[in-house]
2 protein chains.
Amino acid sequence: MRVTTWAEYGLIVSLHLAKQGNNGPTPARDMAKREGLPADYVEQILLKLRRAGLVSSVRGAKGGYNLARDSNTISVKDVIEAAENRTFEVNCDVHKVSTVRCSGGNPCSIRPVWRELQRRVDDLLADISLEDLMLQESEVQALVSA
Amino acid sequence: MRVTTWAEYGLIVSLHLAKQGNNGPTPARDMAKREGLPADYVEQILLKLRRAGLVSSVRGAKGGYNLARDSNTISVKDVIEAAENRTFEVNCDVHKVSTVRCSGGNPCSIRPVWRELQRRVDDLLADISLEDLMLQESEVQALVSA
DNA sequence: TTGCTTTCCTATCCGAGAAGTCGGATATTC
DNA sequence: GAATATCCGACTTCTCGGATAGGAAAGCAA
């Protein structure tokens, strides 16, 4: 169980944009270089973030990307869901063990475990905003463990 | 982010064994058939569970597998860690974005998020035992959401 | 002692999907 | 029109989850 680079890179660039504030649009290529990430890949991720309405783009020379909303209104969950499709993927829904076992009719005592896991993951991630991540590492640490 | 079939199948067969109680050893092949899982694959997973000390095996004719400990002393976390290596894999440790960024020296405000996520996942899973999973689905549901 | 059953263990295969690349179209600025 | 960017699909590469295969060792039973 782990988060993919889509989500991780997505967070990195979102956070990068959050830190830029109102400095005008930031080109994808610049961001990639600054953050040490593959440029073409970053571009693709930004595309997803834009389609999800998290960032806005300005085309042409002097163009680039901006955060579409205020950094305290964008949660980590928002970013991950934009980059990947879900945060935590419950097998019962997506990668069923078998249609029989995982049908609604068939009782399964394991299912509630995954469901609850998803709930807790989402709860945590929805509660952390990009603004929070602009704090120092130790401050974020204190914040999330509370 | 999702759990693999290693973990899911591992849970299914562990639970199966838990339900068998003291009926003597259960052959892997029987279990696989009953649960509708690929036999050879189940065998491999049982191997892992045995090496982790969760199940014991009896070789030869009339052989099979037993739960090595009482079902209330084995947690879902135990099973998943036996089947996969970790429950939640923090990229900072395993699949580093880059050695520079993810070194201890370099501050990273994202890291605490993954760390906390891991903590919460582990907390939940460590708190659910195989004995718990022998209850009805609705009862498990009530239990975990408490 | 000869089968039969079963665990044990390694090696391999296959496909999906993660990770990343490429090429070109379109838009904007200077 | 040259330079800079986004836009977007298609394509490549490679890892790893998921599964199979085959044989060695161990124990039972006749």
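Two residues are in contact if their C-beta atoms, placed from the backbone, lie within 7 Å. All views show a predicted model.

**View 1. Helix 4 of chain A and its packing partners.** Helix 4 of chain A spans residues 76–83. Of its 8 residues, 6 are buried, so the helix is largely enclosed by the rest of the structure. The buried residues are A:Val76, A:Asp78, A:Val79, A:Ile80, A:Ala82 and A:Ala83. Within chain A, they pack against helix 1 (5–20), helix 3 (39–51) and helix 6 (111–126). Chain B contributes a partner too: helix 5 (111–126).

**View 2. The protein surface near DNA strand C.** Helix 3 of chain B gives the most, with 4 residues. By class, the surface has 9 nonpolar, 9 polar and 7 charged residues.

**View 3. A:Lys62 in its loop.** The loop lies between strand 1 (55–58) and strand 2 (64–67) of chain A. Phi of A:Lys62 is near 65°. That is a positive value in a residue other than glycine. Is A:Lys62 buried or exposed? A:Lys62 has 9 within 10 Å, so A:Lys62 is exposed.

**View 4. B:Lys62 in chain B.** B:Lys62 sits in the loop that joins strand 1 (55–58) to strand 2 of chain B. Its phi is near 65°, again positive in a residue other than glycine. B:Lys62 has 9 other C-beta atoms within 10 Å and is exposed.

**View 5. The rotation axis relating chain A and chain B.** A rotation of 180° superposes chain A on chain B, with an RMSD of 0.1 Å. The shift along the axis is 0.0 Å. This is the relation of a two-fold axis. Which residue of chain A comes closest to the rotation axis? A:Met1 does, with its C-alpha at 2.7 Å.

**View 6. The interface between the copies.** Of the interface residues of chain A, 100% are also interface residues in chain B. The copies therefore meet through the same surface.

Notes. Residues are numbered from 1 along each chain as its sequence is written. Chains are lettered from A and ligands numbered from 1 in the order in which they are written. This is a predicted model: local features need pLDDT of at least 70, side-chain atom pairs count only at pLDDT 80 or more; totals for chains, interfaces and linings use all residues. A residue is buried if 20 or more other C-beta atoms lie within 10 Å of its own, exposed if 12 or fewer, and partly exposed in between; C-beta atoms are placed from the backbone. Helices (H or I, at least four residues) and strands (E, at least two) are DSSP runs, numbered from the N terminus. Ala, Val, Leu, Ile, Met, Phe, Trp, Tyr, Cys and Pro count as nonpolar, Asp, Glu, Lys and Arg as charged, and the others, Gly among them, as polar. Copies are superposed by least squares on the C-alpha atoms of residues with pLDDT of at least 70 in both.
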